[in-house]
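Subject: Structure handover

Hi,

Here is the structure I promised to pass on. Please open it alongside these notes.

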Amino acid sequence: MQYYVYICSHKIITQMKENLLFKEWYDGLPKDKYIEVRNKVIENCGISRAVFYNWYGGISPIPILAQKEIERIAGEKIF
């Protein structure tokens, strides 16, 4: 049981870290680029605006393929 709790805790911490890195990157963009970049992430990742803000708010995990696409859009390593 303790091992299961550790795995679940590790997954939650990893998700929180990834979401926080995404939020910090997005918040660091120039204000006039927010909408353009948000729309590019939404389109390229094939998600809705609600899912984007779930990622931004740490509500849901960001899939690995989406992380790669976000890094491609950003032109830098984020995660």
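Buried here means under 20% relative accessible area, and exposed means over 50%. Keep in mind that this is a predicted model.

**Overall**

The chain has 4 helices and 0 strands. Along the sequence the pattern reads α-α-α-α. Of its 79 residues, 33% count as buried. The chain exposes about 5,600 Å², and carbon and sulfur atoms supply 62% of that area. For contacts with a separation of 6 or more, 54% are between residues 24 or more positions apart.

**Helix H4**

H4 covers residues 64-74. Which of its residues are buried? They are Ala66, Gln67, Glu69, Ile70, Glu71 and Ile73. Gly75 follows H4 and has a positive phi, near 75°.

Lys77 lies in the segment after H4. Is Lys77 buried or exposed? Its relative accessible area is 64%, over the 50% cut-off, so Lys77 is exposed. Lys77 and Gln67 are 10 residues apart along the chain, and their C-alpha atoms are separated by 9.5 Å. Of that pair, Gln67 is buried, whereas Lys77 is exposed.

**H2 against H4**

Two packed helices are described by the angle between their axes and the distance between the axes. H2 covers residues 34-45. The axes of H2 and H4 come within 10 Å and cross at roughly 140°. The crossing of H2 with H4 is right-handed.

Which residues meet there? From H2 come Lys40, Val41, Asn44 and Cys45. From H4 come Ala66, Glu69, Ile70, Arg72 and Ile73. The residues of this contact divide into 5 nonpolar, 1 polar and 3 charged. Among the H4 residues in the contact, Ala66, Glu69, Ile70 and Ile73 are also on the buried list.

**Arg38**

Arg38 also sits in helix H2. Its relative accessibility is 10%, under the 20% cut-off, so Arg38 counts as buried. What does Arg38 contact, leaving aside neighbours within four places in sequence? The partners are Tyr26, Arg49, Phe52 and Tyr53. Tyr26 is 12 residues from Arg38 in sequence, and the two are 8.5 Å apart, C-alpha to C-alpha.

Over to you.

Best wishes

Notes: Residues are numbered from 1 along each chain as its sequence is written. This is a predicted model: local features need pLDDT of at least 70, side-chain atom pairs count only at pLDDT 80 or more; totals for chains, interfaces and linings use all residues. Side-chain values use heavy atoms; hydrogens and water are left out. Helices (H or I, at least four residues) and strands (E, at least two) are DSSP runs, numbered from the N terminus. Buried means under 20% relative accessible area, exposed over 50%, partly exposed in between (1.4 Å probe, protein chains only). Contact means heavy atoms within 4.5 Å. Accessible areas come from the Shrake-Rupley method with a 1.4 Å probe; for residues, only the protein chains shown count as cover. Axes are lines fitted to C-alpha atoms, for helices over the stretch in contact, and angles run from 0 to 180 degrees between N-to-C directions. A crossing is left-handed if the near helix is turned anticlockwise from the far one by less than a right angle, and right-handed if clockwise. Ala, Val, Leu, Ile, Met, Phe, Trp, Tyr, Cys and Pro count as nonpolar, Asp, Glu, Lys and Arg as charged, and the others, Gly among them, as polar.
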